[in-house]
Amino acid sequence: MKKILLLLLVLAVVYTACKDDDPEYALGTRTLELSSPVDSIELTGILTTLKWDVSFEGNELGQTNFAKDKASFLYNVYVSDSRGGISAGNVFKEEGLTGTSVDVTGLHYNGIYYWQVVCLSGGEKLESEAAVFRAKEVKNFLSSEAYQVSEGLVSGIGRAETLDSLNKKLIKTVPGLFVWLKADKQTPASSIQEVSYLQFMVDDGSVKEYSLEVDKSNNTDVSSDLYVVGKDQISNIPNGEVLADFKKNISVYEGASFEVYQADGITVATDVQTGYQLIVTAEDGTTKTTYTLSVNKSTLAGVTSTAYTVSGSEISGIPYGESLSDFKANVTAAAGASFEVYQADGTTAATDLQTGYKLIVTAEDGTTKTTYSLSVNKSNLAGVTSTAYTVSSSEISGIPYGESLSDFKANVTAAAGASFEVYQADGTTAATDLQTGYQLIVTAEDGTTKTTYSLSVNKSNLASVTSTAYTVSSSEISGIPYGESLSDFKANVTAAAGASFEVYQADGTTAATDLQTGYKLIVTAEDGTTKTTYSLSVNKSNLAGVTSTAYTVSSSEISGIPYGESLSDFKANVTAAAGASFEVYQADGTTAATDLQTGYQLIVTAEDGTTKTTYSLSVNKSNLASVTSTAYTVSSSEISGIPYGESLSDFKANVTAAAGASFEVYQADGTTAATDLQTGYKLIVTAEDGTTKTTYSLSVNKSNLASVTSTAYTVSSSEISGIPYGESLSDFKANVTAAAGAAFEVYQADGTTAATDLQTGYKLIVTAEDGTTKTTYDITVASGVTTVTSAAGRIWMDRNLGAEQVATSSTDDLAYGDLYQWGRGADGHEKRNSGTTNIQSDSDTPGHGDFIIGSIDIRNWRSTPNDNLWDGVNGVNNPCPAGFRLPTKAEWQAESDSWVSQNSAGAFSSSLKLPVAASRNTDGEMENAGIGFYWCSDATNNVVNYMVLTQALVIMRTYDVPIFGMSVRCIKD
């Protein structure tokens with residue numbers, strides 16, 4: 001914040017009267033009168049004209065040494081800012097003037113000035129009395145060649161302007177500070193787009209306000225925190241978003257406006273839908289941009305119906321017999337949603353309607369689903385059907401003779417939801433068997449509707465056989481001797497009266513020519529319809545042999561079995577004799593095998609369960625040339641995941657070759673035996689057969705070593721010290737060596753900003769070869785402080801903190817150095833290009849390197865001031881090297897008093913070589929070029945002290961502005 005110089009605004013009438021210096025010459029009356037300014041002046045700049053006049057009365061003028069011709073008079077003019085020092089003319093002095101007016105420069109608005117004129121003629125002088133005048137208010141505080149400036153208004157400001165360019169192009173006719181405000185006249189503006197008013201805070205404490213007219217913008221950009229805004233589309237709009245909420249979530253460039261229209265781009269929208277258009281009109285009223293809206297698909301997965309009752313999870317009131325198409329036509333899905341009807345399992349598409357069926361709705365988003373259970377009204381159908389019998393409207397016929405009641409009921413199907421019962425001929429007595437004339441009565445699902453069917457039972461349907469030679473059950477004929485002929489078998493079987501039989505192969509259709517277990521004997525009853533099938537069971541065989549088309553089978557051995565043949569595949573390729581079975585055992589002939597190996601045994605048991613044959617197995621040698629590992633990752637051609645630094649012996653111990661196989665590790669050429677492990681080396685496996693080979697490439701994990709060494713500096717686990725003061729960054733990097741495969745970079749103290757120099761507190765961060773493991777070293781640079789002794793006898797650093805060199809001139813920018821906020825340490829904020837934040841710190845160390853900005857009301861970077869932050873060498877945040885501290889106000893005063901002149905020139909000509917390094921204001925912006933600002937260490941109640949160097953003078957200031965950025969020069973304690 002700029003310092004406001006407060007002056008009193010007082011209008012004064014100036015009147016002076018001449019007096020004769022020597023009464024001896026007072027023979028006439030002569031007067032030296034100060035004629036202008038006679039009361040006050042209006043300053044229109046730094047130039048003011050003073051006027052006076054000399055008059056005489058009487059005829060005695062010739063008796064004095066004064067000439068009669070006024071044109072020969074000479075005048076001395078003196079202007080001072082104090083009555084006691086008027087004769088020194090410390091503001092303005094001009095001697096030997098021949099005219100009666102003079103232009104005076106260097107005056108200030110509302111300044112109080114004393115002035116006097118001395119008239120000289122003939123060796124005599126005539127003095128006016130000292131007069132006082134004050135400037136009155138300036139009509140216009142500003143002017144500009146770039147803009148139009150009138151009372152209270154600055155117009156003609158281009159949109160491309162910045163606050164910085166405004167500040168440069170507006171010319172102050174009086175000293176003061178610019179404050180840029182938004183439209184509410186309270187909030188500080190940070191850009192040309194935000195600014196609406198300029199408050200000119202004049203140094204005397206008065207405030208002049210100007211409205212700013214910025215040329216209208218043609219910007220039609222749109223932004224949103226909730227939606228996705230593309231070049232010509234706004235998407236990710238929630239389904240169902242109301243228009244009012246949508247508009248609230250849209251932001252346009254300042255001065256622009258927008259409206260939402262339907263897809264035609266003309267009709268104003270009342271809702272939000274995909275395809276609608278948002279048209280932005282720029283501030284200039286002409287430029288327009290159209291954005292097409294894309295609304296997210298709906299998640300609504302519900303249905304409605306005016307025909308049925310729809311609850312949260314059920315649709316009821318569906319008439320019995322309602323067709324599926326009519327039902328679908330009477331159901332309406334939510335907007336964008338679709339539905340399908342499924343059977344009760346929820347997956348099989350329905351072709352009709354039944355209670356328990358499911359209607360599943362899929363919302364427009366394709367994901368959200370709702371399932372409704374269907375409830376169909378009960379049926380009034382009271383009919384039955386049967387695939388076993390003939391059913392007419394009132395009779396059930398074709399019932400086999402001897403059909404049991406239970407079998408009959410099982411063969412009758414009632415209409416959906418209906419039930420039935422069988423009664424004797426009276427229709428009331430429940431039946432226990434079946435006879436012609438009995439009644440079957442059906443009751444519909446509704447419990448009311450009934451239908452009666454009369455039963456008609458067929459003639460005898462006995463279809464059975466008997467035998468004295470074999471054992472006959474209801475479905476099997478067993479005890480048939482192995483090898484029995486078909487003719488002998490038939491002769492030993494007798495069919496039921498009127499029935500006949502035939503023998504078929506197992507398929508039941510091909511007539512048999514021999515006898516085997518599983519063949520069929522089919523009996524046809526007298527009615528020609530009823531049939532009974534008997535399975536034949538021939539006594540078991542004593543054959544215990546096997547055959548194979550895949551292997552070689554001798555009387556006692558099975559050979560030619562491929563290596564690695566699975567047990568299941570082996571068994572599938574071996575066929576036992578009819579009725580026989582086999583099992584594979586290990587070499588002991590008792591332990592069941594789980595794999596195949598030479599020497600294992602296959603034991604066949606004949607169908608009779610007694611006869612056995614043993615075969616010895618002979619498996620071909622393996623051609624497997626592979627390895628496995630529980631420690632590493634093994635693919636078909638690579639072994640990876642090998643830890644960095646793994647020894648060759650450990651690696652071999654962790655790799656297992658296939659059964660019978662062996663391996664060796666070679667260098668990348670595949671022939672030179674390896675003595676260590678490196679990525680690209682080869683592991684070659686030789687199978688048991690001695691011929692088959694497989695080569696694996698080795699992939700060793702990258703190193704996780706994240707360390708450095710140096711022969712030039714001292715390196716500990718977390719610090720690199722012993723770095724010479726002034727060491728360049730490039731030389732430093734050249735003297736540091738990272739671990740194999742690792743890399744490092746040097747950063748400023750925040751650990752993120754890349755360093756361009758070396759300072760204590762900077763970080764060197766090493767990243768290991770694996771790209772993940774990191775180690776941070778703190779950098780400590782040896783002190784390189786060089787000093788000078790001032791004329792006041794004190795020892796000072798020879799340059800500002802952060803400066804690259806001792807100043808070669810007042811404006812040597814390499815000597816400017818850093819700009820610290822009062823009380824803060826060297827955390828990066830002091831850099832002239834540091835970032836800014838408007839968040840005050842609640843501690844002495846903010847924890848970041850941003851310059852903390854403020855406002856008219858916020859003048860400290862710390863939320864609760866601490867006056868002791870720079871209190872001596874042990875101050876909490878003392879930024880000076882060890883043994884040095886910031887000077888006090890008194891120490892700066894003593895130094896400035898020793899200079900040849902009390903201004904910026906004297907400061908530079910001193911041994912301190914102080915440059916005019918400017919400052920940073922409350923907005924973090926650079927200002928006051930050509931002026932030097934230097935902090936003092938002392939502060940009281942948030943009021944701090946600092947020294948100002950200008951071309952005209954040195955000023956010691958006391959003000960509540962710790963938030964400013966100023967230079968620091970350190971003094972030895």
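pLDDT is the predictor's confidence in each residue, from 0 to 100, and a contact means heavy atoms within 4.5 Å. This is a predicted model, where local features need pLDDT of at least 70 and side-chain atom pairs count only at pLDDT 80 or more, while totals for chains, interfaces and linings use all residues. Residues are numbered from 1 along each chain as its sequence is written, and side-chain values use heavy atoms, with hydrogens and water left out.

**Exercise 1.** Find out where pLDDT stays under 50.

Solution. Start with the chain: its average pLDDT is 88, and 92% of the residues score at least 70. Next, residues 58–64 stay under 50, and the model gives them 11 contacts beyond four places in sequence. Residues 42–47 stay under 50 too, with 15 such contacts.

**Exercise 2.** Work out how Asp 164 and Lys 168 are placed in their salt bridge (a Lys or Arg side-chain nitrogen within 4 Å of an Asp or Glu carboxyl oxygen).

Solution. First, the distance: their closest N and O atoms are 3.2 Å apart. Then the setting: both sit in helix 1 (residues 163–169), 4 residues apart, about one turn of the helix; helices are DSSP runs of H or I, at least four residues, numbered from the N terminus. Last, accessibility (buried is under 20% relative accessible area, exposed over 50%, partly exposed in between; 1.4 Å probe, protein chains only): Asp 164 is partly exposed at 39%, while Lys 168 is exposed at 63%.

**Exercise 3.** Is Glu 161 buried or exposed?

Solution. Glu 161 has a relative accessible area of 14%, so Glu 161 is buried. Its side chain meets that of Lys 169 in a salt bridge, 3.0 Å from N to O.

Conventions. Helix = DSSP H or I, 4+ residues; strand = E, 2+ residues; numbered from the N terminus.
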